Amino acid sequence: MAGTFEDGARIYNDGVLPNGQLLTATLAQGARLAGPVAACARCHRASGHGMVEGDIRVPAITAQVLEEPLVPRRDLLLRELYQERQGPVSKTRVHIPRIRPAYANQADLIHAISFGVDPSGREMSSSMPRYSLDNAAIAALQSYMAQLGRMPDPGVDADTVHFATVLGPSVQMGRREAMLAVMHSFIATRNKEIKREFERPSFSVNHKGLYGPSRRVWQMHVWQLTGPAKTWTSQLQEHYARQPVFAMLGGAASENWDPVHQFCETAHLPCLFPLTDWPATETGHFSVYFSKGLRLEAQLIAKRLAATGVRHVAQVFGTGPNDARLAATFKDALVSENIRLHDTPQNGGALAVWGDEDLLQRTLLDPAIANLKTDVFASGSILADDRGNLPDLRLPRQVELAWQYPHPGESLTRINRVRGWLRARQIRMSEWERTQLNTYFTLDLTEHALDHLVDRYSREFFLETIEQLVETGLNPGTFPRLSLGPSQRFAAHGSTILIMCGAGLMNKKMSDRCDGGE
Amino acid sequence: MINRRMTIVGAGAMLLGNPSIAQHAHHQFDPSIQQAPSRLMRDYHMPRVPLFDQTGAAVDLAADLENPGPVLMTFIFTTCPGICPILSAVVADTAETLGPDRSKVRFWSITIDPDHDGPDELQAYANLFDVGPDWRLFTGASNSIDAIRRAYEADSDIKMAHRALFFLRMEGRAWIRFEGDVTAHDLSQAAREVLVKSG
């Protein structure tokens, strides 16, 4: 019985055979792999475009690549030789021309995966495992691979690559303006450079003319959402129907990002780094975020309380847009740490204050609390402004802050460069600095990713490229560390708990306390 | 007269006429040909930093190394696509090759992505391979992990630039550093040498 496309998808992506058993494979050294680590997608990736890791170069096995003879391509070789990271041995191997006829039939596929021999008779790398598949499995895999990675994906036409950015109805005017100014300026510059590459293809400094045919001018579509969140899905669908886009970049919303997240999952649309305090709770495949937002801060504090054995926890919250939701999230976080939330704070316990500096000051000065020996916690994101600066607080006692941003006083290598870029274009709005830096980062990353893609406009490949590039020194100084990996979708790392004493932050170890107490 | 043009045409003809000859000329870099792995003797000093294993238990590897005996150590990360599955499969194969001697060898893996890999992630990764219940995987604060990577000359600026390395502790601070097409045979032989020497 011929294998189905779905069976083939399961072999390729999950390492599961049509009969339900795990896919198994043998490595050259004799070692064995089974299941997910034997799946083709592990190395060749969901896109089928492969990847480079250390000294291993995993080639592309998309349908379009396999059904054609493989010959060297100057544009790809130039990137591999001079513009991409790879290990020293791998770099030497780039000089060996990889030439083979097309994969013509099932026998060619069997030779490749069972015996590690390509259609030119050449043996494959010792990193490629050998698989022993029965006829049904081979047929299923073949039917899947015949469709693997067919491009281009929607949102790319003969001369333009289309992007979208989403703005929720409650985003402050200043923030909206700050974000769009960065996008407009960045894309205008990018397009000038791209058009230069089109104009003089035969006189080509640094071989830029090689890339002309693969370049597309960028067009950004602003999808302004209106009304309540439950109407957003249909608005997004309408926008997309009018002009499909290759990816969604940045964007902002004050409330729930869930409807946008769901839209991206359904439309198979990469959605990169929106500015939101409430990313979706479930990790998706297509949406990539900076941090887990305010939920992270609630969890950070709950975990700290669990680790220090504090049992009596109370909270107060204000009237700000995120306060009540953060309080509810904190309650859930405590439940998962088996800590019960109490109504009033107590000696020896902890109190979480979810709100702005006004609420914090009032709470700390409240006689009922001022005299209690209780640890006080607060949210760094709510207290800090969009510069990542805390207000100048005069605190009567120590407060511990959940803090996702770089440590005060930390040197941020790239921040001045991006500030300079903003200043040079006269679009710097320093009260919205984080918004501008994060937006710049997203576009910068996209530019590098599209350079890597060359003419391979595949959404999956775009996502896989982003996963690697995030870590490569583009951090504009808005988070301590940014990194992703295969299937990782939250890039910000390095959150911590900072201690605030009296008039400012203390560079103290967690074991020190401001008042010298225990 | 042999001029540059003729040489280029000749090379091109060779390439077109029989690609595999042109490629075979570079066989020492041919990825299909297994190379003997590099084996370097090194003195490595494990930093005394706090770590956790896949069960969440706190560990002190520097203290553990004071107990003599072979230790087979690798650096991995759980979302690693290509290198780590091979490393861990070879470790599993080594454990099997050692047979009853495996109980005398410690099998350690340390994540190079501590931001993502907590105890649960390490356990899920361990379940993908058949190394055995004594395989311990470790994570910790990112500066602790960085210190260990630097101590073992195994750091990289980005995860995907990491190298395929196996470390075998012989005694004290003497380690063998393997890189390349390392087999279970190489590793189990080396481990057995340690066991024989220590009696």
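**Entry 1, the interface.** I noted to begin with that this is a predicted model. I looked up the contacts and found 41 residues of chain A touching 39 residues of chain B. Together the two chains bury about 3600 Å², with 57% of that on carbon and sulfur atoms. In chain A, the residues that lose the most area to chain B are A:Gln29, A:Arg42 and A:Glu53.

I looked up the polar contacts next and got 17 residue pairs across the interface of chain A and chain B. The side of chain A that touches chain B has 17 nonpolar, 15 polar and nine charged residues.

A handy reminder for me: side chains of opposite charge can pair when their charged atoms come close. Four salt bridges cross the interface of chain A and chain B. One of them pairs A:Glu471 with B:Lys159 at 3.2 Å, N to O. Are these two buried or exposed? A:Glu471 counts as buried because its relative accessibility is 19%, under the 20% cut-off. B:Lys159 is buried too, at 4%. I also found A:Arg481 with B:Asp115, 2.9 Å apart at the closest N and O atoms. Here A:Arg481 is partly exposed at 31%, and B:Asp115 is partly exposed at 28%.

A:Arg215 forms a salt bridge with A:Glu197. A:Arg215 lies in a loop and A:Glu197 in helix 8 of chain A, so the pair ties together parts 18 residues apart in sequence. Both residues are buried.

Key
Residues are numbered from 1 along each chain as its sequence is written. Chains are lettered from A and ligands numbered from 1 in the order in which they are written. This is a predicted model: local features need pLDDT of at least 70, side-chain atom pairs count only at pLDDT 80 or more; totals for chains, interfaces and linings use all residues. Side-chain values use heavy atoms; hydrogens and water are left out. Contact means heavy atoms within 4.5 Å. Buried area is the accessible area (1.4 Å probe) that two parts lose on being put together, summed over both. A salt bridge is a side-chain nitrogen of Lys or Arg within 4 Å of a carboxyl oxygen of Asp or Glu. A polar contact is a pair of N or O atoms within 3.5 Å; within protein, one must be able to donate a hydrogen and the other to accept it, and residues adjacent in sequence count only if both atoms are side-chain atoms. Ala, Val, Leu, Ile, Met, Phe, Trp, Tyr, Cys and Pro count as nonpolar, Asp, Glu, Lys and Arg as charged, and the others, Gly among them, as polar. Helices (H or I, at least four residues) and strands (E, at least two) are DSSP runs, numbered from the N terminus. Buried means under 20% relative accessible area, exposed over 50%, partly exposed in between (1.4 Å probe, protein chains only).
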